[in-house]
Amino acid sequence: MNLHRHLKRLHLQSPQASALAHFYAQAFGMTCHEDRGVWFCTNEGREVLISEGQTGKLHYALFAIQDSGEWAAFTQQTQDLPEANLQAYPELPETALGFIDPDQNCMVFVPATDLVPTSSEPPVQSKSAPLPAAESQHFALRTQQLENMKRFYTEALGFTLSDVVKDDEGQLKACFVRGNEMHHTLALFGAPVSCFDHQSFETPSWLELKDWADHMGQLRVEIVWGVGRHGPGNDVFFMVRDPDGNLAEISSEIEICSDSRPVGQWRHEERTLNLWGKAIMRS
Ligand SMILES: [Fe+2]
C-alpha cells in the first residue's frame, strides 16, 4: 500500500541567505520575504526557506501526511524514536514531529490539515511569460553512511524502498525511497562528504520542462546537467546550481509506482543516473 506523505518544504542554511533566497525567487518563480532572520520563498506547491548558516546544510525537510489514519499509524510507528526539539522553528505547527537522521538532518512531519502556508502573497509570475506549475517533490542527500541512512528512512520512518544502485562488488552506492506513489521522495547517495545534494520541483510534462529551461535561459542561469533522463524514476530533468553550489532540479514524467512494485536494481555507472549521457557521480 503506497503511503500518502508529500514533501512540502525544505529549509536550507546558507552563509548568504539573502542571495540564495533571491536566486530561488527568480529562478523558480517564487515570492520572497524575510521575517525574523528567515527567508520565505513560496509559490503554489513549492516552498524554500533559508536561514543564515552553513553551506550545504539542511535545517529541515517538511513532509505533510495526508490522511488522519496514516498520521496515527506514523505516530505509533515512531513512538520510540527520540524526537527533535523544533522550538527554533516558530513557522511549524504545534503538531509537528521531528526526527534526526544518522547524519543529523532533521525530518519534520505534520498532518496535512495543520500545514499553514507561509505566505499570503499572490503567486509570482515571470515578467515575460507565465511560468508553468512546479511542485516541491523530492530532495537528495549525500552521505558517508549509506546503509545506516537507508535503514533509518525505511525502517524507522517507514519510507518505501523503490530502487537501489550497487557497484560490481555488491556495495550499495545509492538508494531511492518514496513516501507516496511517485518513485522517490528522497534519494540517498553514498559520497565522501555528508551534505545536502539537491531539491527537485516536478512540472506536469516535458513541454513545461522546456518552458522552465527557456526561463532559465532568459535569466542566464546555466543548466549544469541535462536535459537527461534518470534511470531510477525515469524522470526527464535538468539541473542548475544556486549561489552556494547546491543543485536544483526541474523534473517531469517521474514513475508512478504501484503498491506492489518490486525494488529495482541498478548498476553503479553514469548511465544509471542519466540514460541519455553524462552524469554527476557522487562517488
Ligand atoms: Fe532529483
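Q: Which residues are the protein donors of the iron ion?

A: In this predicted model, the protein donors of the iron ion are His-138 through NE2, His-198 through NE2 and Glu-249 through OE, and they lie 2.1 Å from the ion. Along the sequence these donor residues follow the spacing H-x59-H-x50-E.

Q: Where in the chain do His-198 and Glu-249 sit?

A: His-198 belongs to strand β12 (residues 195-202), while Glu-249 belongs to strand β15 (residues 247-252), and the pair, 51 residues apart, links distant parts of the chain.

Q: Are His-198 and Glu-249 buried or exposed?

A: Both His-198 and Glu-249 are buried, a word that is used here for a relative accessible area under 20%.

Q: How many disulfides does the structure hold?

A: A disulfide is a covalent bond between the sulfur atoms of two cysteines. The structure holds zero disulfides. Cys-32, for example, is in no disulfide, and the nearest cysteine sulfur, which belongs to Cys-41, is 4.8 Å away, whereas a disulfide is counted when the two sulfur atoms are within 2.5 Å. Cys-195 is likewise in no disulfide, and the nearest cysteine sulfur to it, that of Cys-175, is 16 Å away. As for accessibility, Cys-32 counts as partly exposed at 22%, and Cys-195 is partly exposed with a relative accessible area of 25%.

Q: Which kind of aromatic pair do Phe-152 and Tyr-153 form?

A: To read such a pair, one looks at the distance between the ring centres and at the angle between the planes, where an angle over 60 degrees counts as edge-to-face. The structure holds 19 aromatic pairs, and the one formed by Phe-152 and Tyr-153 is edge-to-face, with 5.2 Å centre to centre and 85° between the planes. Phe-152 is buried, with a relative accessible area of 11%, and Tyr-153 is buried as well, with a value of 0%. These two residues are also part of a cluster linked by ring pairs, whose members include Phe-63, Trp-71 and Phe-159.

Q: Which parts of the chain does the pair of Trp-206 and Trp-276 tie together?

A: Trp-206 and Trp-276 form an edge-to-face pair, with 6.2 Å centre to centre and 80° between the planes. Trp-206 lies in helix α4 (residues 206-219) and Trp-276 in the segment after α5, so the pair ties together parts that are 70 residues apart in sequence.

Q: Which residues make the nonpolar surface patch of about 410 Å²?

A: The patch is made by Trp-206, Leu-207, Val-227 and Trp-276.

Technical notes
Residues numbered from 1 in each chain as written. Predicted model: local features only at pLDDT ≥ 70, side-chain atom pairs only at ≥ 80, totals over all residues. Heavy atoms only, no water. Patch = residues over 30% accessible without salt bridge, like charges linked within 9 Å, V, L, I, M, F, W, Y side chains within 5 Å. Areas by Shrake-Rupley, 256 points an atom, 1.4 Å probe, with all protein chains shown as cover. Salt bridge = Lys/Arg side-chain N within 4 Å of Asp/Glu carboxyl O. Donors = N, O, S within 2.8 Å, 3.2 Å for Na, K, Ca; no water. Helix = DSSP H or I, 4+ residues; strand = E, 2+ residues; numbered from the N terminus. Buried < 20%, exposed > 50% of the residue type's maximum accessible area, 1.4 Å probe, protein only. Phe/Tyr/Trp six-rings, centres within 6.5 Å; stacked < 30°, edge-to-face > 60°.
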